[in-house]
Amino acid sequence: MPKQFYSAGEAAKTLGISLDTLRRWDRTGKLETSRDASNRRIVSAREIDRLRGAETKHFSARNRFSGTVTEVKLEGLVAQVEIVVDSPARVVAIVTADAVEELGLRKGMAATAVVKATSVMVQQS
């Protein structure tokens, strides 16, 4: 049975953000949290899905790897984007330079690698 609630740390990792960012999002209302019996912050699976999937409902791919962009190399019309998804694992994708510019990809930002068949698509998280 899938989890219905995640600890703040688990939610942050799933969303590809830091725990500090999760807390800030909670304070500013970008993220809705609850408290467990021990008064620890918890996040519902539905809320995580809302944040992860709001902009990607048009994708049919189910394999998504959230992480942090560690390198962007631009060479002419193509770019290589490296994302650390769960250290030491990483995904490296070759995408167009236009896609990197359109997504505003840069080192240190959160991103999601969407894997479908033999293709890897990159989206801003």
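These questions and answers explain the terms used for a predicted model.

The model is predicted: local features need pLDDT of at least 70, side-chain atom pairs count only at pLDDT 80 or more, and totals for chains, interfaces and linings use all residues. Residues are numbered from 1 along each chain as its sequence is written, and side-chain values use heavy atoms, with hydrogens and water left out.

Q: Why is E82 called buried?
A: Buried means under 20% relative accessible area, exposed over 50%, and partly exposed in between (1.4 Å probe, protein chains only). E82 has 14% relative accessibility, so E82 counts as buried. E82 is found in strand β5 (residues 78–86). Strands (E, at least two residues) and helices (H or I, at least four) are DSSP runs, numbered from the N terminus.

Q: Which residues does E82 touch, not counting those up to four places away in sequence?
A: They are T68, V69, T70, E71, R90, V91 and V92. Contact means heavy atoms within 4.5 Å.

Q: What makes G108 buried or exposed?
A: Its relative accessibility is 55%, so G108 counts as exposed. G108 lies in the loop between α4 (97–103) and β7 (110–116). Leaving aside neighbours within four places in sequence, G108 is in contact with T68 and V69.

Q: Why does E47 count as buried?
A: E47 has a relative accessible area of 9%, so E47 is buried. E47 sits in helix α3 (residues 45–53). Beyond its neighbours within four places in sequence, E47 contacts K30, L31 and E32.

Q: Where do the buried residues of helix α1 lie around the axis?
A: In α1 (residues 8–15), the buried residues are A8, A11, A12 and L15. They cover an arc of only 100° around the axis, so they are on the same side of α1. The arc is that of the directions from the helix axis to the C-beta atoms. Just after α1, G16 takes a positive phi of about 75°.

Q: Why do β1 and β2 stand at the edges?
A: The open sheet has three strands in the order β1-β3-β2, with antiparallel pairing. β1 (5–7) and β2 (34–35) each have a single partner strand, so one side of each is left without a neighbour in the sheet.

Q: How do you know that β2 and β3 pair?
A: Two strands pair if DSSP finds at least two bridges between them. β2 and β3 (residues 41–44) have two bridges, in the antiparallel sense. The bridge partner of R35 in β3 is R41.
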